[in-house]
Amino acid sequence: MGLPKDDAATLSARWTEGVLLKRDVFSTVERGRFRDDAGEVDAVLRRLDQVPVWSYPLARHLFVRERRALTLARELDVGPRLLWAGRRALVRGFIDGVALHLAKPHGDLAYFRSAKTALRKLHRAGICHNDLAKEQNWLVGRDGRAYLTDFQLAACFKTRSRLFRIAAYEDLRHMLKHKRSYAPAALTPMERKILARKSVVASIWLKTGKKVYQAITRGLFNFTDREGGGRRLVNDAPVLSALIRKNPEVRDTAIVAFADRRTGVGLYAFVEAESTALEKQLRSELAAAKGVRPPEHIQVVHALPRDAAGKPRTEILQLVAMNQVDLIEPLITSDADRAFMKDILESRKNLRDRFNFESADMDRR
């Protein structure tokens, strides 16, 4: 299903293709550049031209909801600014920041104050996001502020009806769940009460509607969205990790997912070992294994980036795999880490997208 002629003409004239961020049965999302009246700006494109016919009605419904919400929220500065919208494609501004599950703002009270402010502004405009349980829908901007993204499930209200108040309450409760994860000591007594009390609608949804939703999306649509990784990250990655670790030269491995233009979701395996020549051997071993497709990319590194507990920093590796290395800088905590990451970035494998966000920015800092 192609784009309408007017949509295609606008994108042909004003859009520069960049990094593919996500592709599923509901849309294709990519980062690139869009030329508006002020010049060329970083932006994100959502398009429906590669959506299967059988999922198009629902994809179209979600698209219309997002377009309407972004139109109303255009001047609020709490999410991406709508730059252009057609019948089956829209372009929104790019927010310079990383998702909450990647940034992990432990103890950052200013971030959660800004998150509450963002919600207040959104609700005053009559918009409820309705999908804030997902950490990937919260961004930590380079300025430290909270921003919201992915408004496909958003609802817009003309009055502060009972349904609006319930939806706004659930938006707030989901934000507080994230605050409890990253800054539990900062929760106020009132916030703890909100966390302990689900709305009646939310309780009913968890017992009934959510099960139906999961049956449809995971069964009929074959759709799983664990941090955007889909079924390959959920099902294949653990099997591949176990196979890789069987090689005696391998000390450790971490596998992350990235959007791939050819396969939809690709897997990128970072392998900690001494010899980079090991890559060829691992590819042969994984190709011989039955029942699981090998990762699209294997990169042997002398050491994986690790957190204070010694666990691989998959949030950084995720950005390397997605070729969004310009977003790594806020996650780097020392010059030693920066030099360490430079070696990994210079040898990264996923360079097929037209944007190669160079690590030169990191070198200059």
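Student: Which residue lies over the face of Phe94?

Tutor: The model here is a predicted one, and the place to look is the face of the Phe94 ring. At 3.7 Å from the centre of that ring, within the 6 Å that a charge over a ring may have, lies the residue asked for, Arg31.

Student: Which residues touch the most other members of the largest nonpolar core?

Tutor: The largest nonpolar core has 39 residues, and α2 (56-72), α4 (109-124), β8 (138-141), β9 (146-148), α5 (162-182) and α6 (189-196) each supply at least two residues of this core. Domain 1 (5-52 + 78-93) and domain 2 (97-220) each give at least three residues to this core. The members that touch the most others are Tyr111, Leu122, Ile127, Trp138, Leu148, Phe151 and Met175.

Student: With which residues is Trp138 in contact, leaving aside its neighbours within four places in sequence?

Tutor: Trp138 is one of the residues that touch the most other members of the largest nonpolar core. Once the neighbours within four places in sequence are set aside, the contacts of Trp138 are Val98, Ala99, Leu100, Tyr111, Ala115, Leu119, Leu132, Ala146, Tyr147, Leu148, Met175 and His178.

Student: How many residues are in the other core, which lies apart from the largest one?

Tutor: This other core includes Val98, Val320, Leu327 and Leu345 among its members. Val98 is also in contact with Trp138, although the core that holds Val98 is described as lying apart. The count for this other core is 27 residues.

Student: Why is the pair of Phe258 and Tyr268 edge-to-face?

Tutor: The centres of the two rings lie 6.4 Å apart, with Phe258 in strand β11 (residues 252-260) and Tyr268 in strand β12 (residues 264-272), ten residues apart. Planes over 60 degrees apart count as edge-to-face, and the pair is edge-to-face because its planes stand at 75°.

Student: Which residues form one aromatic cluster with Phe258?

Tutor: Phe258 has a relative accessible area of 4%, so this residue is buried. The residues that form one aromatic cluster with Phe258 are Tyr268 and Phe270.

Student: Is Asn323 buried or exposed?

Tutor: Asn323 is found in the loop between α10 (314-321) and α11 (335-346), and its phi is near 60°, a positive value in a residue other than glycine. Since residues under 20% relative accessible area count as buried, and the value for Asn323 is 0%, this residue is buried.

Student: What is the relative accessibility of Lys104?

Tutor: Lys104, in the loop between α3 (100-103) and α4, has a phi near 50°, a positive value in a residue other than glycine. Lys104 counts as partly exposed because its relative accessibility is 36%.

Student: How many residues apart in sequence are the parts that Arg46 and Asp150 tie together?

Tutor: Side chains of opposite charge can pair when their charged atoms come close. A search of the whole structure finds 28 salt bridges, and Arg46 forms one with Asp150, the closest N and O atoms being 3.5 Å apart. Both residues are buried. Arg46 lies in strand β3 (residues 39-47) and Asp150 in the loop between β9 and β10 (155-156), so the distance in sequence is 104 residues.

Student: With which residue does Asp77 form a salt bridge?

Tutor: Asp77 lies in the loop between α2 and β4 (82-85), and its partner, 68 residues apart, lies in the loop between β8 and β9. Asp77 is partly exposed, with a relative accessible area of 40%. The closest N and O atoms are 3.1 Å apart, and the partner is Arg145.

Student: What distance separates the closest N and O atoms of Arg313 and Glu315?

Tutor: Arg313 counts as buried at 15% relative accessibility, and Glu315 counts as buried at 7%. These two residues form a salt bridge, in which the closest N and O atoms are separated by 2.8 Å.

How values were computed. Residues numbered from 1 in each chain as written. Predicted model: local features only at pLDDT ≥ 70, side-chain atom pairs only at ≥ 80, totals over all residues. Heavy atoms only, no water. Core = buried A, V, L, I, M, F, W, Y, C linked by side-chain atoms within 4.5 Å. Buried < 20%, exposed > 50% of the residue type's maximum accessible area, 1.4 Å probe, protein only. Helix = DSSP H or I, 4+ residues; strand = E, 2+ residues; numbered from the N terminus. Domains from an automatic or database assignment. Contact = heavy atoms within 4.5 Å. Phe/Tyr/Trp six-rings, centres within 6.5 Å; stacked < 30°, edge-to-face > 60°. Lys NZ or Arg CZ within 6 Å of the ring centre and 35° of its normal. Salt bridge = Lys/Arg side-chain N within 4 Å of Asp/Glu carboxyl O.
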